[in-house]
Amino acid sequence: MWWKEIASREEGRLQPNSFCRRIRSRRISSLQLSNLKEFVSPHRGAVNSLQVDLTEGRYLLSSASDASVAVFDVQRPSDIECGGLLARHKCIIHIDKQHEQGHKYSISSASWYPIDTGLFITGSYDHHINAWDTNTSQVVMNFKMPGKVYKTAMSAIATTHMLIAAGTEDVQVRLCDIASGAFAHTLSGHRDGVMTVEWSTSSEWVLMTGGCDGAIRFWDIRRAGCFLVLDQSKSQLGRRPPLLQRATTNKGAMFRETGKSSCAKSKGQQKKLVSDNGSKLSTISKMGPQVKGSVKQRLHPGMVSSQDRATAHYGAVTGLKTTEDGMYLLSAGSDSRLRLWDIESGCNTFVNFETVRLQNSKGIQMAVAQDSSLVYAPCMTVVKAFDLWSGQTSHTFRGHYECVNCCCFAAQDQELYTGGNDRQILVWSPPNSSPDEPDERSLKGKVPFKDEDNWSD
């Protein structure tokens, strides 16, 4: 299947990075429901969130509406069945409401600690955010929130803080500090509950939030007030030009402006030489007030009333997802619209995503492919893969019997995991993928040796 690329690579006509990109792109574009890999779901309620750890890409964390959370090893199966053709993955950790420290109501969000699989975070409708020790399955820190927790998130690139951003039914976004066990501060600006939060992938200080008021706000957590409110009427056509092209354009514009200003100055000097002393004084007296009046106080965009009331969607913002390069933000709303935003300019790119039906009663979790070419969005009972720039549907994944709530893309294996109200976690993988080679014990019908990893090597 790959013989042309392999031959080009052997002959030196194809660089290693280009070879990897082509293989990865082909695998991503050929995803289908896997008949070789299966997750045995322990959940008795709708699966609300999924996340693969960012350190090894090996452990899948899932949470459900029955107040349970589970961890799966996506690389090492629990059982090999059907003569070694089907790899069944059972959960290696399962915590439900029967646990003495477990949540009492639906767990809406679960996420790994970004730099270590020894800790994970859960947020629940019981108004609590818990930090769990993976080794002992015990709560090591608890935060009491003012309302139902819709979404929690931690920055994947943070090096100077350990903050959990929490969106709740309260109008304020709260930042919980794991290091101190207290609230760092609150972010005020939304006029209704906050359904989704997302950290920037290019700056550890920038947080993006979407509320039930239809607004998407950008915050620099080092200062008070949001610095940007996205407005759906402020638009640009398509993606921004490449950096080199923009630099050349800006340089040409700068030279043109410099030339014009120098010409204007020379003409002004010539006029001054011709005119008498009285006219010179009158010109200076006229310029004085203009210079003073031109220095205006620069207002914070978050404080300007017209910009502060801007909306990104006509309904609640139910999902946010940034691209891998941190340049664009994808948003979903209860108005059944998907919008792509340029983070630098804050403009709506006007990518016309095909008409879809999105859930409007709860938040959804979208995923972006490794090369940011495709975006995966739960659309009722199916998952659709859209081309990021044309907005056209590339693939439609059908397999769930009820509404799909979350998508998670595993970059290491180029697999897609989806969870829905039917309590199932489905695996979508390239057709040529196969389960890990079973050892001699598994061929004899025995379970392989347990992985002795202590989570925090």
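This is a predicted model: local features need pLDDT of at least 70, side-chain atom pairs count only at pLDDT 80 or more; totals for chains, interfaces and linings use all residues.
Modeller: Residues are numbered from 1 along each chain as its sequence is written, and side-chain values use heavy atoms, with hydrogens and water left out.

Colleague: Why is strand β4 called largely enclosed by the rest of the structure?

Modeller: Buried means under 20% relative accessible area, against over 50% for exposed and in between for partly exposed (1.4 Å probe, protein chains only). In β4 (residues 59-64), 6 of the 6 residues are buried, so the strand is largely enclosed. Tyr-59, Leu-61 and Ser-63 point one way, Leu-60, Ser-62 and Ala-64 the other way, and all are buried.

Colleague: What makes β3 and β4 a pair?

Modeller: Strands are DSSP runs (E, at least two residues), numbered from the N terminus, and two of them pair if DSSP finds at least two bridges between them. Strand β3 (residues 47-52) is joined to β4 by 5 bridges, so the two pair, and they run antiparallel. Ser-63 of β4 is the bridge partner of Ser-49.

Colleague: How do you know that β4 also pairs with β5?

Modeller: Here too 5 bridges join the strands, β5 being residues 69-73, and the run is antiparallel. Ser-63 has Val-69 in β5 as its bridge partner. The hairpin of β4 and β5 has 4 residues between the strands, and Ala-67 in the turn has a positive phi of about 65°.
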